[in-house]
Amino acid sequence: MKQFIFFLMLSIFFIGCKNEKVEDAKDVLVLLDFDTNFKQSQVIPQDATFELIKNSDDNLLKVNSGFTADKPGVVIKESADKPWDLTGYKTVKADVTNKGDEAIQVEMFVGDDPDGLVKWYCSDYMDINPGETRTIAVNLAWTEDWAFSPQIEVNGMRGVPGKLKTDIQKINQVSFNSRYAKNSTHYTVDNIRAEGKLEIRNPKNFFPFIDEFGQFIHKDWEGKMHSNQDLVESAKNELAHLNKSIGPKNIGKFGGYTKGPKLKATGFFRTEKVNNKWWIVDPEGYIFWTAGLNCVASDAVYTGVSDRENYFKELPSRDSDFGQFYSKGTFTSHGFYLDKLPYDAYNFYQSNLFRKYGDDWLASFRDVAHKRIKDWGMNTIGFMSDFGATKQHRTPYVGSIWIKNTPKILGSEGFWGKFHDVFDPAFRIAVKNSIESQKEGANDPWCIGYFVDNELSWGLPGFLAIGVLKSDKSQQAKIKFIKNLKNKYKKIEVLNAVWKTKHNSWDDLLKSTIPPNEANAKEDLIAFYGEIVDTYFRIINEELKKTAPNQNYLGCRFAWANNDIVLSTAGKYLDIMSFNKYEYSIENFKLPKGVDKPVMIGEFHFGALDKGSFHVGIKKARNQAERGQMYQDYIRGALRHPNIVGAHWFQYIDEPNTGRFDGENYNVGFVDIADNPFEDLIKKVKETTYSMYDYRINNSFKQ
């Protein structure tokens, strides 16, 4: 109610200047400049120290962060004497300067929303070189420039038109932390402020807001489809171009660079280090750098319609020709439909393909996908794609295997679920069965290799071992851990002395679900953690090589922070190490000391809101042209890196505006929901990929 009253006051203010932006110098609210009205008691450090640097013209807060905590840095609270009121503001910004002698990445969180996902969306991070100052900015509304008053309820979507990301009235802190730090970091923070005023709109007549093509009704843009004829004409024009396109020059059958060095041909994809740079080598022996697209699959973008029918202007009758595009959603990991399985879903993308190509829409989708990838200068069909397309042997591809039906460590935690109990004999059986049932591509020359699992939550060293100790006495990993401890300490009294615990017996420890103080048990927690990691990768490697000895084991697509124990261990078993790295630049990526392996980027993307989308995804651009520029900058940074042998964009198709199974509705596609390429993006992609082999050969990472 308090938030509504504030917005009502703003609405009154905007009467007479309807839908006009009010942005000038006075639309800046200084939250903290460290010059006035600041007390050091407002700063709460975590694995960090801080100091106030007093200059003649400007005071700065210097942060000296460690690297042992999950988020080393500082939380800065509002002044009790001058609480913040961010009502109506667009963006919170802060200026951060790197005071160290190595590049760092600093993240800023605005507020402390209890929903971890919302809190994450109220953050951003920047790479900052030594001596460089950069401004970190976090938008407060999903649609960046405007918001509804009153706020409306829209479910099943992460980005919502006119909705504020969090409860603005509860924002009373900002926090800064070093991401992926391996050493101490030093930076200053200054001029924390709110900038710009939101345009306030009335939500009357907002529903329905999605048209029959799956597009946003209340906005127009170049390339928006307004009729079936528009779709047919767009397909006709694009095909006329694609049918004449020959793609980049000097490219072999499997996408390798025929002007590069000719290496040993094995008939399958492999890796080799040439002139201090890692490369994939294609089946013919040519160097190959994998530029790919994930989710090249028409069924990847269905959206829930149950309990949200009023969102859509025109859902077709189930008895019509378009009824074939209804389905049942049977899976979700988060969000609105978590307790509503199964739910009714509809696939606007497939229905638009049907409008474009008729009854042969699926065959046309596959044919056009191959032609587009070639025309765009790319060479790989990525993660979770259409087997019907990969079987055509026109474009190299990667396989995707999910290890299913494993026993889990019940005391573990993770974004996508609990971790496997790798010490349970059922784990190896599940691995074998999962590989056997998902072995599409095994011993196929066109298959580069397999991703196995995705974005596992490894945590800090010891994290999984703590989860083991939180589990009950029947947990096989726990039985194994206790056995290790008995072999090391012999007597429970000796362990108690080290851990500072009071267990009466080994059986008492087995039954306990209360973990020890992490500092006291650190050595043992980390040792068993390493054993979990080693067992996981070893068993998968062994079983995968039995089924697909000619394919590369590409790993589990590491995401977030990953410690050196995990990466060093994985490096023993992986042919190529894969990382999902949502960054503006990947050039400064580093493997642990002593690990020299080829690396593939499994996911990255940039999104914008200029073409009717509601969410920019994980890394934001201003428009489609800037998405293209960011693609080029990212790929060229990867090409300069000696270890990186490819990068795959997530994903081929835009996510539906009304959200996929978990609510994600990102503008991350190379093509939109109507199957039309984002031309400004594609132009820059082609400029990048057509020259990528010469660029990698002739450019190196500057140490």
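Colleague: How far apart are the end C-alpha atoms of residues 470–584, and what is the helix and strand content of that span?

Modeller: This is a predicted model. In it, those end C-alpha atoms lie 38 Å apart.

Colleague: Which UniProt annotation covers residues 470–584?

Modeller: An unreviewed UniProt entry labels them "domain: Glycoside hydrolase family 42 N-terminal".

Colleague: Now helix H10. Which residues of H10 are buried?

Modeller: Take buried as under 20% relative accessible area, and exposed as over 50%. H10 runs over residues 492–499, and Ile492, Leu495, Asn496 and Trp499 are buried there. Viewed down the H10 axis, these buried residues fall within an arc of 100°, so they line one face of the helix. On the other side, Glu493 and Ala497 are exposed.

Colleague: What do the buried residues of H10 pack against?

Modeller: Four helices: H8 (463–469), H9 (476–489), H11 (506–511) and H12 (522–547).

Colleague: Which residue just after H10 takes a positive phi?

Modeller: Lysine 500, with a phi of about 60°.

Colleague: Zoom out. How many helices and strands does the chain have?

Modeller: The chain has 16 helices and 28 strands. Its radius of gyration is 27 Å, close to the 27 Å that the globule rule gives for 703 residues, so the chain is as compact as a globular protein of that length.

Colleague: What share of the residues is buried?

Modeller: Of the 703 residues, 58% count as buried. Now contacts: among those between residues at least 6 apart in sequence, 70% join residues at least 24 apart. The accessible surface is about 29600 Å², with 50% belonging to carbon and sulfur atoms.

Notes. Residues numbered from 1 in each chain as written. Predicted model: local features only at pLDDT ≥ 70, side-chain atom pairs only at ≥ 80, totals over all residues. Heavy atoms only, no water. Buried < 20%, exposed > 50% of the residue type's maximum accessible area, 1.4 Å probe, protein only. Helix = DSSP H or I, 4+ residues; strand = E, 2+ residues; numbered from the N terminus. Arc of directions from axis to C-beta. Contact = heavy atoms within 4.5 Å. UniProt positions renumbered as here; feature names shortened; annotations may be inferred. Rg over C-alpha atoms; globule rule 2.2 N^0.38 Å. Areas by Shrake-Rupley, 256 points an atom, 1.4 Å probe, with all protein chains shown as cover.
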